[in-house]
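Trainee: I would like to learn how to read a protein model feature by feature. Could you walk me through one?

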Amino acid sequence: MGDLNKFDPVQQAAADQFSKQSHRYGRGHILEDVSDLGAALEHLQLPARARVLDVATGGGHTGLFFASLGHVVTLADISTAMLQRATELAAARGLSVTTQQHPAERIPNPDATFDLVACRVAPHHFSSPARFVLEAARVLKPGGWLLVIDGSIPDGEPESEEWLHSVEKLRDPSHARLLSPAAWKELCEAAQLDVLHAGLTPRKQPDLEWYFETAATPAENRIKVRELIAGASPRVREVFRLGEEEGRIVWWWPMATLVARKPE
């Protein structure tokens, strides 16, 4: 499995960024709204006490959602600070979870351990989403489920994809790449997982300043992001519903929800 404490440059950037900003990912964060997980349950058929691995748990919101349903949950993250925050939130909610530190691309658990591997609003920081999917497939039991929710772009929109990638990289240099639903399907098929659902749901971003503060975006990069917004093409504005409300710059981030299953 390799040394779990040895990170590649992309992983190290993510570990540094999220350790520094871990205090922003607990209560009050946009991901505390788990309505997307509630919607995803319609596509999952979990046993009563499923073993769940929440990869790149961040503030812990995804794993704690499944723990609140009575499942046996392991929270995993590359950042020890994030795991500490998630553990504190679990204790505050009276939920019991276990934790483990490792990159998404190197999961330390044995083959066929989990009924569900979940990963929410994190894969765009991974050095290798393909390797993550392969690892998820490996640790899933036969008949187990993979749930991925992440920022995305519509299929067949290269201009919008490049624009959003540029914005994200300036806002948060630990950003790697957003994947379209078609790209996620391809990775799952390569890992011999059956894709049962892959869709996009727009999620409104609070405002530009919140977006900057969450990632501690440097001042010079904030200027460049505003320039990209000002120069966005009509198609980009349409895809992301980019505009202003009461003097605030707002937009809708397409969120991909992917559900795949390991064959029995």
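Trainee: Where is Asn109 found?

Mentor: Happy to start there, with the reminder that this is a predicted model. Asn109 sits in the loop between strand 3 (98-101) and strand 4 (114-120).

Trainee: Is Asn109 buried or exposed?

Mentor: Buried is the label for a relative accessible area under 20%. Asn109 has 12%, so it counts as buried. Setting aside neighbours within four places in sequence, its contacts are Leu53, Gln100, Phe114, Arg138 and Val139.

Trainee: Let me move to a strand. Where does Asp77 lie, and why is Asp77 classed as buried?

Mentor: Asp77 belongs to strand 2 (residues 72-77). It is classed as buried because its relative accessible area is 6%. Asp77 and Ala56 are 21 residues apart along the chain, while their C-alpha atoms are separated by 4.3 Å. Not counting residues up to four places away in sequence, Asp77 touches Ala56, Thr57, Gly58, Met82, Leu83, Gln100, Gln101 and His102. Gln100 is also a contact of Asn109, which links back to your opening question.

Trainee: Now for the whole chain. What does its secondary structure come to?

Mentor: The count is 10 helices and nine strands. Of the 264 residues in the chain, 54% are buried. For the fold as a whole, look at contacts with a separation of 6 or more: residues 24 or more positions apart account for 77% of them.

Trainee: Which residues of helix 6 are buried, and what do they pack against?

Mentor: The buried ones are Ser160, Trp163, Leu164, His165, Val167, Glu168, Leu170 and Arg171. The buried residues of helix 6 pack against helix 8 (208-215), helix 9, helix 10 (234-240) and strand 9.

Trainee: What about empty space? How many cavities of 30 Å³ or more does a search find?

Mentor: Rolling a probe the size of a water molecule over the atoms shows where empty space is left. Here the search of the whole structure finds two cavities of 30 Å³ or more. The second largest cavity holds about 40 Å³ of space. Its lining is made of Trp163, Leu164, Val167, Leu208, Val225, Ile229, Leu242 and Trp251. Helix 6 (158-171) and helix 9 (219-230) are the elements that give two or more residues to this lining, and helix 6 supplies the largest share, three residues. By class, the lining has eight nonpolar, no polar and no charged residues.

Trainee: What is the volume of the largest pocket, and which elements line it?

Mentor: The largest pocket has a volume of about 260 Å³. It is lined by 16 residues, and the closest to its centre are Asp36, Ala39, Thr201, Met255 and Thr257. Two or more lining residues come from each of helix 2 (35-40), strand 6 (194-204) and strand 9 (252-261). Strand 6 gives the most, with six residues. Its lining divides into six nonpolar, six polar and four charged residues.

Trainee: Last one: how many disulfides are counted?

Mentor: The count is zero disulfides. As for individual cysteines, Cys119 is buried at a relative accessible area of 1%, and Cys188 is buried at 0%.

Definitions and conventions
Residues numbered from 1 in each chain as written. Predicted model: local features only at pLDDT ≥ 70, side-chain atom pairs only at ≥ 80, totals over all residues. Heavy atoms only, no water. 1 Å grid on protein atoms, 1.4 Å probe; cavity = no way out; pocket = protein on both sides within 12 Å on 5 of 7 lines; lining within 4 Å. Points joined across faces, edges and corners; volume = space filled by probe spheres on them. Helix = DSSP H or I, 4+ residues; strand = E, 2+ residues; numbered from the N terminus. Nonpolar A, V, L, I, M, F, W, Y, C, P; charged D, E, K, R; others polar. Buried < 20%, exposed > 50% of the residue type's maximum accessible area, 1.4 Å probe, protein only. Contact = heavy atoms within 4.5 Å. Disulfide = S-S within 2.5 Å.
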